[in-house]
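I opened my notebook to look up a few things in this structure.

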Amino acid sequence: MPDAHLLIDAFASEFRKMKASAEKAIAQLPDDDLHFKLNAEQCSIAAYVQHMAGNMRSRWTDFLTTDGEKPTRDREAEFVEARQSRDQLLQLWEEGWQLVFAALGSLTDADLLKTVTIRTEPHSVSLAITRQVAHYAWHVGQIVLLSKHLVLSRGGSWHYLTIAPGQSSVFNSKMGMK
C-alpha cells in the first residue's frame, strides 16, 4: 500500500486547490450576484456554498465514528435561498473547510484501512474521501462557471484561475517545457 500520508496529503492538496478556485471566482462578483440564478431550476452560488458547508459539517464531523449523514442535517434547506450576506456565506464556507482539513489532519496510515458509513452504506476511508473530492469538484466547477458567466455577461473582465486562453505556450515556457 502506498504511504498513507502521501494519499492524505494529495487529497488535502486537491481540496485546497478547489477551495482557492471557488474563492477567487467568488471574489470577482458583487454581493448581489452571489444570489443570482440562471433560471428557477438552477442554484445560486450562495446555495452551492450553503450546500457544500452543510455537506462538510455532516461528512467531516466525527468522520471516523459516526455516519456521514448526520440526523441533524437538513439537506433540502441548504438549497433554499437564505439571502445571507457575503460575510455570512464565507463564514459558513470557511467553517466547513476547517472541518475537512481538521479531519484529514487527524488521520493516520491505519485509518485508511477503516470503514466509515455514509447513509448507512459502508465505504473505505479512502473511498469516502474520494467521494468528497468528486462532489466538491463538481460544485466548485458550477461556482466557477456561474461566476465567469456573470462577470462576462455584465461586460467585466474575467481573471482566469488557471492558464488563460492562448497562454499555454507562455506558461509551458515558464515551466521549462518546450
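How many residues does helix 4 have, and how far does helix 4 reach from its first C-alpha to its last? I found 29 residues (125–153) and a reach of 42 Å, close to the 42 Å expected at 1.5 Å a residue. The expected span is 1.5 Å times one less than the number of residues. Helices are DSSP runs (H or I, at least four residues), numbered from the N terminus.

A note on the source: this is a predicted model, where local features need pLDDT of at least 70 and side-chain atom pairs count only at pLDDT 80 or more, while totals for chains, interfaces and linings use all residues. Residues are numbered from 1 along each chain as its sequence is written, and side-chain values use heavy atoms, with hydrogens and water left out.

Next I looked up salt bridges (a side-chain nitrogen of Lys or Arg within 4 Å of a carboxyl oxygen of Asp or Glu). The whole structure has eleven. One of them joins Arg86 and Asp31 at 2.5 Å, N to O. Arg86 lies in helix 3 and Asp31 in the loop between helix 1 and helix 2, so this pair ties together parts 55 residues apart in sequence.

Then I checked accessibility (buried is under 20% relative accessible area, exposed over 50%, partly exposed in between; 1.4 Å probe, protein chains only). Arg86 is buried at 16%, and Asp31 is partly exposed at 44%.

My last entry is Gln50, in helix 2. Gln50 is buried, with a relative accessible area of 7%. Its contacts (heavy atoms within 4.5 Å) include Ala77, Leu89 and Leu92, leaving out residues up to four places away in sequence.

Terms used:
Helices (H or I, at least four residues) and strands (E, at least two) are DSSP runs, numbered from the N terminus.
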